Amino acid sequence: QVQLVESGGGLVQAGGSLRLSCAASGRTFSWYGMGWFRQAPGKEREFVAAISRSGSNTYYLDSVKGRFTISRDNAKNTVYLQMNSLEPEDTAVYYCAADSSIRGSAVTTILSEYDYWGQGTQVTVSS
């Protein structure tokens, strides 16, 4: 089992940047594929970005490609989401999640395949 705690959310103007962090504790962090999801008010939770166990492979939601970067530091048991050129449409609660069944360099965008979730951190982008 792994516990996940997000941080780094806040209020930022459009065009600004934020870096989200997700600290993991419990079992060996490098065993898990990691993902970031977000949920805006009245909408379903959606995939944002994913990274493989070693960090060698990443995948993004089309609307964040070129603006967001997911990375991980297995020595620090932490996954990051660097968000640049933020838009009001990026406003949401952002969640990190861990997938214990992923193997090798694979990543997944499917919410139900993630076993563990953090509590979320609010990101608000003003226009």
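Predicted model: local features only at pLDDT ≥ 70, side-chain atom pairs only at ≥ 80, totals over all residues.
Lys-65 lies over the face of Tyr-59, at 5.8 Å from the ring centre.

**Aromatic residues**

Tyr-59 also takes part in an aromatic pair. A pair of aromatic rings is described by the distance of the centres and the angle of the planes. For Phe-47 and Tyr-59 the centres are 6.1 Å apart and the planes make an angle of 35 degrees, and the pair is classed as tilted. An angle under 30 degrees would count as stacked and one over 60 as edge-to-face, so 35 degrees falls in the tilted class. Phe-47 belongs to strand 5 (residues 46–51) and Tyr-59 to strand 6 (residues 58–60), so their pair ties together parts that are twelve residues apart in sequence.

Are the two residues buried or exposed? Phe-47 has a relative accessible area of 9%, so Phe-47 is buried. Tyr-59 has a relative accessible area of 42%, so Tyr-59 is partly exposed. The cut-offs behind these words are under 20% for buried and over 50% for exposed.

The count of aromatic pairs comes to six. One aromatic cluster is formed by Phe-37, Phe-47, Tyr-59, Tyr-114 and Trp-117. Phe-47 and Tyr-59 are therefore both a tilted pair and members of this cluster.

**The chain as a whole**

The protein chain contains eleven strands and zero helices. Along the sequence, its pattern reads β-β-β-β-β-β-β-β-β-β-β. A compact globule of 127 residues would have a radius of gyration near 14 Å; the protein chain has 13 Å, so the two values agree. Taken along the principal axes, the C-alpha atoms fill a box of roughly 40 × 30 × 25 Å. Of the 127 residues, 42% count as buried.

Four of the strands make up an open sheet in the order 1-3-8-7, with antiparallel pairing. Which strands lie at the edges of this sheet? The edge strands are strand 1 (2–7) and strand 7 (68–73), and each of them pairs on one side only. On average, neighbouring strands of the sheet are turned by 15 degrees against each other, when direction is ignored.

With strand 3, strand 8 pairs in the antiparallel sense over six bridges. Strand 8 (residues 78–83) is also joined to strand 7 by six bridges, and these two strands run antiparallel.

| Residue | Opposite residue in strand 8 |
|---|---|
| Ser-21 | Tyr-80 |
| Ile-70 | Leu-81 |
| Arg-72 | Val-79 |

Why is strand 8 described as largely enclosed by the rest of the structure? Five of its six residues are buried, so strand 8 is largely enclosed.

Strand 7 and strand 8 form a hairpin with four residues between them. Asn-77 lies in the loop between these two strands. Its phi is near 55 degrees, which is a positive value in a residue other than glycine. The relative accessibility of Asn-77 is 29%, so Asn-77 counts as partly exposed.

Ser-85 is found in the loop between strand 8 and strand 9. Ser-85 also has a positive phi in a residue other than glycine, here near 50 degrees. Ser-85 has a relative accessible area of 40%, and therefore is partly exposed.

**The disulfide**

How many disulfides does a search of the whole structure find? The search finds one. This disulfide joins Cys-22 to Cys-96, with 1.9 Å from S to S. The pair links distant parts of the chain: Cys-22 is in strand 3 (residues 18–26) and Cys-96 is in strand 9 (residues 92–99), and the two are 74 residues apart. Both Cys-22 and Cys-96 are buried. The torsion about their S-S bond is about 45 degrees, so the disulfide is right-handed.

Conventions
Residues numbered from 1 in each chain as written. Heavy atoms only, no water. Disulfide = S-S within 2.5 Å. Buried < 20%, exposed > 50% of the residue type's maximum accessible area, 1.4 Å probe, protein only. Pairing = 2+ DSSP bridges. Axes fitted to C-alpha atoms, helices over the stretch in contact; angles between N-to-C directions. Phe/Tyr/Trp six-rings, centres within 6.5 Å; stacked < 30°, edge-to-face > 60°. Lys NZ or Arg CZ within 6 Å of the ring centre and 35° of its normal. Rg over C-alpha atoms; globule rule 2.2 N^0.38 Å.
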